[in-house]
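Here are my notes on the model you sent over. Have it open while you read, and jump around as you like.

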Amino acid sequence: MNASHSTADVAVIGLGRVGLPLALSFADRGLEVVGIDNDQVRLSAVRDGVMPFEETGAQALLDRVIAGGDGSSFGGASVDASSQRGRLSLSERVADAARARHIVITLGTPSFSHIEIDMRDIRSALDDLLGVLAPGHSLILRSTVAPGTTEFVAGYLAKHRGFQIGEEVFVAHAPERIAAGRFLEEIDSLPCIIGGVGARSGEVVGELFSSFEAPIVQTTPVQAELAKIWANILRYANFALPNLLMMDCERYAANVFEVIDLINRDYPRGGIAQPGFTAGTCLRKDFAFSEERSAAPGMLLAVSRVNESVPLFLLEGAKRRLGSLANRKVAVLGLAFKADTDDERDSLSHKLIRLLERELADVAVHDPHVATPTVPFEEALDGAEVVFVASNHSEFRDQATLAAIAEHAANDCLVVDPWNCWGAAQVFAYASELGALRPTHPARG
Ligand SMILES: NC(=O)c1ccc[n+]([C@@H]2O[C@H](COP(=O)([O-])OP(=O)(O)OC[C@H]3O[C@@H](n4cnc5c(N)ncnc54)[C@H](O)[C@@H]3O)[C@@H](O)[C@H]2O)c1
């Protein structure tokens with residue numbers, strides 16, 4: 001068998017928040033795509049033409065890609081023949097990826113609590129592929145991985161199958177750098193970094209990604225890995241600074257938003273970010289891939305600790321003002337890890353709720369986006385003595401939210417808003433102080 005006999009152009013293994021929009025985008029550019037996932041519920045949703053999560057524009061893309069097809073599983077491909085678009089076939093078997101010339105891995109890469117990448121999903125997929133890979137195939141790691149992983153994958157294939165990597169079989173890292181909610185816009189604009197192993201992997205994988213409009217930047221595998229991880233570290237550390245400043249300001253009875261304004265106003269070397277809940281499945285774990293072999297062990301752990309301590313800081317701030325929270329109604333607005341997404345993975349809102357429950361508070365949660373059931377907005381606010389704005393969703397950033405707090409929450413309840421949703425410029429404020437304010441600040445996305 002040789003990959004030149006392939007019946008599909010590209011296989012995407014792992015139809016998650018990265019893999020599914022990518023598979024749909026390849027199909028929309030006319031490529032024959034095999035989408036693979038071991039989650040039957042997810043496969044059924046896609047087969048039925050239903051996006052399993054929010055991603056701007058992806059539902060319309062899915063409609064287009066499956067339009068005209070029977071939406072069935074592998075062997076019963078979905079086709080839009082009228083527009084000559086590509087096909088999206090679905091399978092739960094990783095080995096079916098060998099039907100395609102290019103195999104893109106978009107599996108999850110969490111970190112162990114040992115400060116080490118958890119590569120079990122990638123190792124399992126590699127083992128499933130070992131027996132079916134053939135000369136001509138390219139294997140692309142799109143997942144975020146620790147430095148050295150792409151060379152490990154190449155070495156694993158060479159060791160177990162004897163392939164000449166970069167000449168017979170091609171291996172590259174092409175990191176996903178797109179932000180959730182912006183996939184379809186950024187796939188055509190963000191430079192696509194490709195770190196290929198050996199002589200020709202970069203060039204071969206570059207051909208695949210030239211399906212999109214974005215410029216392609218060739219580099220080495222480890223540089224591609226470092227660039228991806230350190231872009232996330234930069235963001236994670238960038239938000240730790242205002243979060244730490246917020247805690248310092250509380251200690252000195254200073255106003256963090258006023259200090260930030262003093263730092264940034266007309267100052268060419270300013271630029272500190274705004275405080276908030278900084279987490280999510282990527283930011284919260286990617287630093288660990290660097291930290292596992294860091295030249296300065298502990299520095300990034302400290303960054304993580306700052307961001308992870310924001311929920312406790314806010315809870316303790318509420319207690320300093322109100323006393324015990326036991327048996328008091330507390331409303332938490334937002335479960336998602338950031339604004340306007342339904343992604344709750346590694347959200348600090350969950351941590352805040354766990355901490356509040358340990359205070360014996362009566363917690364009511366509302367989030368208009370997430371799949372986890374939450375109570376309606378007014379019901380969450382009803383009689384609340386404290387309102388925490390945990391996610392800065394657009395729905396919360398308007399005067400109607402303030403009016404609802406005034407109407408439904410307890411008389412002069414405490415509002416805890418590290419995002420400065422309404423331009424009140426106070427992390428802790430009583431509802432009476434917020435009522436007259438009009439929104440002035442765009443909140444951080
Ligand atoms: N979500 C983001 O915004 C984002 C952005 C940039 C990079 N990344 C990186 O991309 C990678 C994927 O992230 P994600 O958020 O899409 O993850 P995800 O958990 O949403 O998707 C992973 C998918 O793989 C499937 N899967 C797991 N094991 C499998 C197996 N053995 N065989 C077949 N399918 C299997 C799961 O069912 C799931 O659908 C991670 O490395 C992540 O760090 C994510």
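1. Some ground rules. This is a predicted model, where local features need pLDDT of at least 70 and side-chain atom pairs count only at pLDDT 80 or more, while totals for chains, interfaces and linings use all residues. Numbering starts from 1 along each chain as its sequence is written, and side-chain values use heavy atoms, with hydrogens and water left out.

2. Start with the ligand. It is surrounded by 24 residues, and the closest are Val18, Asp37, Thr109, Lys285 and Arg345 (a residue counts as near if one of its heavy atoms lies within 4 Å). Thr109 has a polar side-chain atom 2.5 Å from a ligand oxygen, and Lys285 has one 2.7 Å from a ligand oxygen. Asn38 uses its backbone instead: an N or O atom there sits 3.2 Å from a ligand nitrogen.

3. Next, α8 (residues 221-251) against α10 (residues 283-291). Their axes are 9 Å apart and the packing angle is about 125 degrees (axes are lines fitted to C-alpha atoms over the stretch in contact, with angles from 0 to 180 degrees between N-to-C directions). That makes α8 oblique to α10, oblique being what is left after roughly parallel (under 35 degrees), roughly antiparallel (over 145) and roughly perpendicular (65 to 115). The crossing of α8 and α10 is left-handed, meaning the near helix is turned anticlockwise from the far one by less than a right angle; clockwise would be right-handed. Helices here are DSSP runs (H or I, at least four residues), numbered from the N terminus.

4. Which residues of α8 and α10 meet? From α8 come Lys228, Ile229, Trp230, Asn232, Ile233, Arg235 and Tyr236, and from α10 Leu283, Arg284, Asp286, Phe287, Phe289 and Ser290 (contact means heavy atoms within 4.5 Å). They divide into 7 nonpolar, 2 polar and 4 charged. Ala, Val, Leu, Ile, Met, Phe, Trp, Tyr, Cys and Pro count as nonpolar, Asp, Glu, Lys and Arg as charged, and the others, Gly among them, as polar.

5. Now α12 (residues 310-322) and α13 (residues 348-358). Their axes come within 9 Å and cross at roughly 40 degrees, so α12 is oblique to α13. The crossing of α12 and α13 is right-handed. Pro311, Leu312 and Leu315 of α12 meet Leu348, Lys351, Leu352, Leu355 and Leu356 of α13. By class, this contact has 7 nonpolar, no polar and 1 charged residues.

6. Finally, α4 (residues 120-130) packs on α5 (residues 149-161) at about 35 degrees, with the axes 11 Å apart. The crossing of α4 and α5 is right-handed.

Technical notes: Helix = DSSP H or I, 4+ residues; strand = E, 2+ residues; numbered from the N terminus. Polar contact = N/O pair within 3.5 Å; in protein donor to acceptor, adjacent residues only side chain to side chain.
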